Structure formats: C-alpha cells, structure tokens
Amino acid sequence: MNWPLWSKWPMVKREVSQAGGLLLFLDYDGTLAPLADHPSQVHLPMKTKRILELLASQPGIRVALISGRRLTDLKKKVDLPGLCYIGNHGLELQGDRLRHVNPAARACRPILGEIARRLRRALQPIRGAWVENKGLTLTVHYRSASAADAVLVKNGFYEALQPFLVKRQVRVTTGKRIFEVRPPVRWNKGTMVHWLMARHRVTSNAKEILPIYIGDDETDEEAFEALLGHGITVVVGSYTLLSRARYRLESLAEVQRLLQRLLAIWKRKEGKEDEKTSRKNLGAGRRGMAARRRAAVEQGLCGSPVGG
Ligand SMILES: [Mg+2]
C-alpha cells in the first residue's frame with residue numbers, strides 16, 4: 001500500500017527539512033522524461049533540466065540518475081555536469097569521482113552479442129519489435145507492436161533465450177513493453193542504491209542523509225524494496241497500488257513539482273543555516289573586538305571602552 005504523496009506532504013516536508021543531506025535517485029524514462037515510441041525520441045523537458053541543475057548545485061544534495069539505458073546514452077540525453085550517472089540498471093556508474101563497470105557483466109559481453117544476433121534473426125519479421133544491445137544488458141522493445149504481434153515477440157524471445165537460460169548464462173527481466181536480458185549477477189538498481197548510500201556516508205560530513213528515490217517501472221521496484229523502511233520512495237504512474245514505494249505521484253508534471261518543492265525547502269533551510277552562521281560569526285567578532293579593546297586599555301594604549 002502506498003499513499004498519494006501530496007496527502008502526506010507535511011510529513012515529507014518535515015523529513016526533508018530535518019535531513020543533514022539529500023541523496024536523490026531519479027529514474028529517467030517515464031519519470032523525468034515522457035515516454036515515446038522509440039527511446040531516441042525521449043527528451044528531458046528544459047524546465048526539469050534546469051531544476052536538476054539547481055538541485056545538484058545545492059550544498060548537501062547529490063543527484064544520481066539511474067536508468068536501464070547505456071551510461072553514455074543517459075549522459076548524452078541529460079548533459080549536465082556534477083551529477084552521478086548510473087546506466088544499465090546499476091551495472092555501470094560515472095560521477096561522484098568514480099567510474100565503475102561491473103566486472104562480471106563486462107565478461108558477459110560476448111554472450112550478449114551472440115544472443116542479440118539470434119534475437120534479431122528471430123524477431124526480424126515482427127513489425128514494431130527491435131533489439132537494442134546496450135553492451136552490458138540487452139533490450140527487446142515492442143512498444144509499437146500490435147497485441148497479436150506482442151505474443152509473437154514473447155514466444156520468439158523465450159525460444160531464442162532458452163539455451164542460455166538453461167545454462168544460467170543470463171537472466172531475464174521485464175518492463176513497460178520490453179524484455180531485458182541481463183548478466184547472471186545479483187546486481188541491480190537496489191544494490192547500487194545501497195552501495196552508493198554506504199559510500200556517501202563515508203565520504204560526506206552530513207550525519208543524516210535522506211535517500212529519495214523516484215521511478216516508474218518494474219526495475220525501480222528493486223530499489224523500492226532495497227529502501228523499504230528508509231527514506232522517501234515514490235512511484236510514478238496510474239497503476240501503482242501494488243508498488244513497494246511509500247508514496248505515489250500520478251504524472252511527470254507532479255514529479256517536476258516535487259523536485260521544485262525539494263529545491264525550495266533546501267534553499268530555505270540553507271538560507272537559515274547561513275543566517276545562523278553569520279549571526280554566530282558576528283557575535284564572535286564583537287566579543288573578540290571587546291576583548292582586544294580591554295587588553296589595550298589595560299596596557300594604557302587607548303581610553304576606556306564605550307560605557308566603561
Ligand atoms: Mg522508467
């Protein structure tokens with residue numbers, strides 16, 4: 001069971017205001033950018049891009065984009081410095097002064113190449129189905145296939161995969177009108193979220209880092225599960241009741257609104273912190289000046305302090 005996020009907004013707002021830092025995990029397709037028939041037609045709205053840029057520039061906020069896309073593809077789509085980019089469902093990462101590719105996944109590349117060739121042959125006659133080899137994972141897209149053809153895609157997919165599944169050389173996951181072939185490693189968006197959180201706790205001075213994860217697809221459920229009982233998890237879409245996320249939002253426009261609100265809360269919080277620090281510094285300055293003046297009077301260097 002999850003809650004419409006705005007119905008619990010005061011609680012969410014309080015959690016964010018009290019956090020020492022935010023670790024913001026954001027899925028790309030269907031969460032930040034509207035879905036399209038072909039992945040190349042998916043674009044990040046300018047307004048969302050600007051909010052991401054502002055969020056990433058805030059002290060205490062780290063923004064990590066986490067996607068099933070190939071890392072280089074995701075970077076090209078978003079094109080913002082200072083973000084952490086995670087591609088292929090967590091198998092590759094760049095940012096946070098790091099660059100990492102899962103070694104077991106890297107070793108699986110030749111098998112994926114072979115599977116891609118077989119799948120292309122098998123699915124070639126079906127209209128609206130195509131194979132994308134993303135190096136570390138492989139996706140069969142059939143968004144524009146008819147319902148009858150979708151059945152053919154499914155049959156052709158599992159038939160071609162059978163020998164590799166029997167030998168446990170790969171594993172299969174599903175998503176919105178896609179099938180995915182992954183290396184046989186237990187590493188996914190959830191494990192990557194845990195890993196990055198642990199690393200961030202070590203490298204950051206912030207005591208209480210609040211993870212916030214927003215995603216719309218089955219693969220994001222891995223992260224929602226990993227974060228059960230921790231942080232703020234938000235599923236996006238209209239069929240979300242079964243999700244493991246704590247909250248739900250209906251649309252991408254709502255996600256944009258949430259990001260904007262997070263930014264506003266953080267700016268206000270940082271503003272208050274700055275005010276406190278400058279008041280403290282001003283107080284310390286005054287006390288220091290008074291002490292120096294008293295010392296000077298004692299040494300007969302100048303007259304009595306004002307009012308003394
Ligand atoms: Mg998505």
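Tutor: Let's start with the largest nonpolar core: of its 49 residues, Leu24, Phe25, Val63, Ala64, Leu65 and Val234 touch the most other members. Such a core is a set of buried Ala, Val, Leu, Ile, Met, Phe, Trp, Tyr and Cys residues joined through C-beta atoms within 7 Å. Buried means that 20 or more other C-beta atoms, placed from the backbone, lie within 10 Å of a residue's own. This is a predicted model, in which local features need pLDDT of at least 70 and side-chain atom pairs count only at pLDDT 80 or more, while totals for chains, interfaces and linings use all residues. Residues are numbered from 1 along each chain as its sequence is written.

Now look at strand S2 (residues 21-26), where six of six residues are buried; strands here are DSSP E runs of at least two residues, and helices are H or I runs of at least four, numbered from the N terminus. Gly21, Leu23 and Phe25 are buried on one side of S2, and Leu22, Leu24 and Leu26 on the other. In a regular strand the side chains alternate between the two faces of the sheet.

S2 runs parallel to strand S11 (residues 209-215), joined by six bridges, with Gly21 partnering Ile209; DSSP must find at least two bridges for strands to pair. Five bridges join S2 to strand S3 (residues 61-66), also in parallel, and there Leu26 partners Leu65. Between S2 and S3 the chain passes through helix H2 (residues 46-56) in a right-handed β-α-β crossover, that is, clockwise from the first strand over the helix to the second, with the strands pointing away from the viewer.

Definitions and conventions:
A residue is buried if 20 or more other C-beta atoms lie within 10 Å of its own, exposed if 12 or fewer, and partly exposed in between; C-beta atoms are placed from the backbone.
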